[in-house]
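Subject: Structure handover

Hi,

Here is the structure for you to look through. Please open it next to this email and follow along.

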Amino acid sequence: MSADAAKALKVITGSSRFEASGKEYSVAQAATEIAEAFPAPTLSKDLCRVYTPTDTPDFVLRITWGLEEGAPTGTPDPDFTVLKMGERTVVGEDNSYVFFACRSSRLNELAGPAHISVNVRRWGMPQPPEGDVEALKDAYATVAHSFSLAMAKELRCEKNGGLPAKPVLDPA
């Protein structure tokens, strides 16, 4: 996770300390699962879960990945803001999705590019956002970008799957 994403987690959760998720959750493990599953689309699978420390208010942030059938099409939900990253990035006040295409020697190159989605969202009962909604959107997009870029690098995607080195937070 990037330093910017670590700061963004504080904006989202209000905490700078977190409980570890299980060892089965890692970018390397998710990349291996993607390589094994490709080219078949998948349901969302856990990449990481972020928990605030014990004895603090409960907060769970769930980061998931999925293999999509193709590039995103259609009009995004009007509750989301579209950002210029990857094939499509959308962000709401309590979640963000990054879609990117990956061509890699780790994947079956004859099948074309893999279309991967990474989602970061608050888990549990939906609640109205607390604080600056635009700052929260930027924070969710920053965390989703960080995990997406780490995944693209782990998979050795050409041109990092079209993802920039830093998140682009300006609306498209």
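Below are notes on the strands, a helix and the cysteines.

First, the ground rules. This is a predicted model, in which local features need pLDDT of at least 70 and side-chain atom pairs count only at pLDDT 80 or more, while totals for chains, interfaces and linings use all residues. Residues are numbered from 1 along each chain as its sequence is written, and side-chain values use heavy atoms, leaving out hydrogens and water.

Helices (H or I, at least four residues) and strands (E, at least two) are DSSP runs, numbered from the N terminus. Two strands pair if DSSP finds at least two bridges between them.

Start with the strands. Strand β3 covers residues 81-83, and three bridges join it to β4 in an antiparallel arrangement. Leucine 83 has threonine 89 of β4 as its bridge partner. The hairpin of β3 and β4 has four residues between the strands, and glycine 86 there takes a positive phi near 60°.

Strand β4 (residues 88-91) also pairs with β5 (residues 95-102): the sense is antiparallel, over four bridges. Three residues make the hairpin link from β4 to β5. Threonine 89 has valine 98 of β5 as its bridge partner.

Which way do the β4 side chains point? Arg88 and Val90 go one way, Thr89 and Val91 the other, and all are buried. Buried means under 20% relative accessible area; exposed is over 50%, and partly exposed lies in between (1.4 Å probe, protein chains only). In a regular strand the side chains alternate between the two faces of the sheet.

Next, helix α3. The expected span of a helix is 1.5 Å times one less than its number of residues. Helix α3 (residues 133-155) has 23 residues, so it should span 33 Å; its end C-alpha atoms are 33 Å apart, which agrees. Just after α3, arginine 156 takes a positive phi of about 60°.

Last, the cysteines. A disulfide is a covalent bond between the sulfur atoms of two cysteines. Here it is counted when the two sulfur atoms are within 2.5 Å, and the count comes to one disulfide. Cysteine 102 and cysteine 157 form it, with their sulfur atoms 2.0 Å apart. The pair links distant parts of the chain, 55 residues apart: cysteine 102 is in strand β5, and cysteine 157 is in the segment after α3. Both cysteine 102 and cysteine 157 are buried. Cysteine 48 is in no disulfide; its nearest cysteine sulfur, that of cysteine 157, is 19 Å away.

Best wishes
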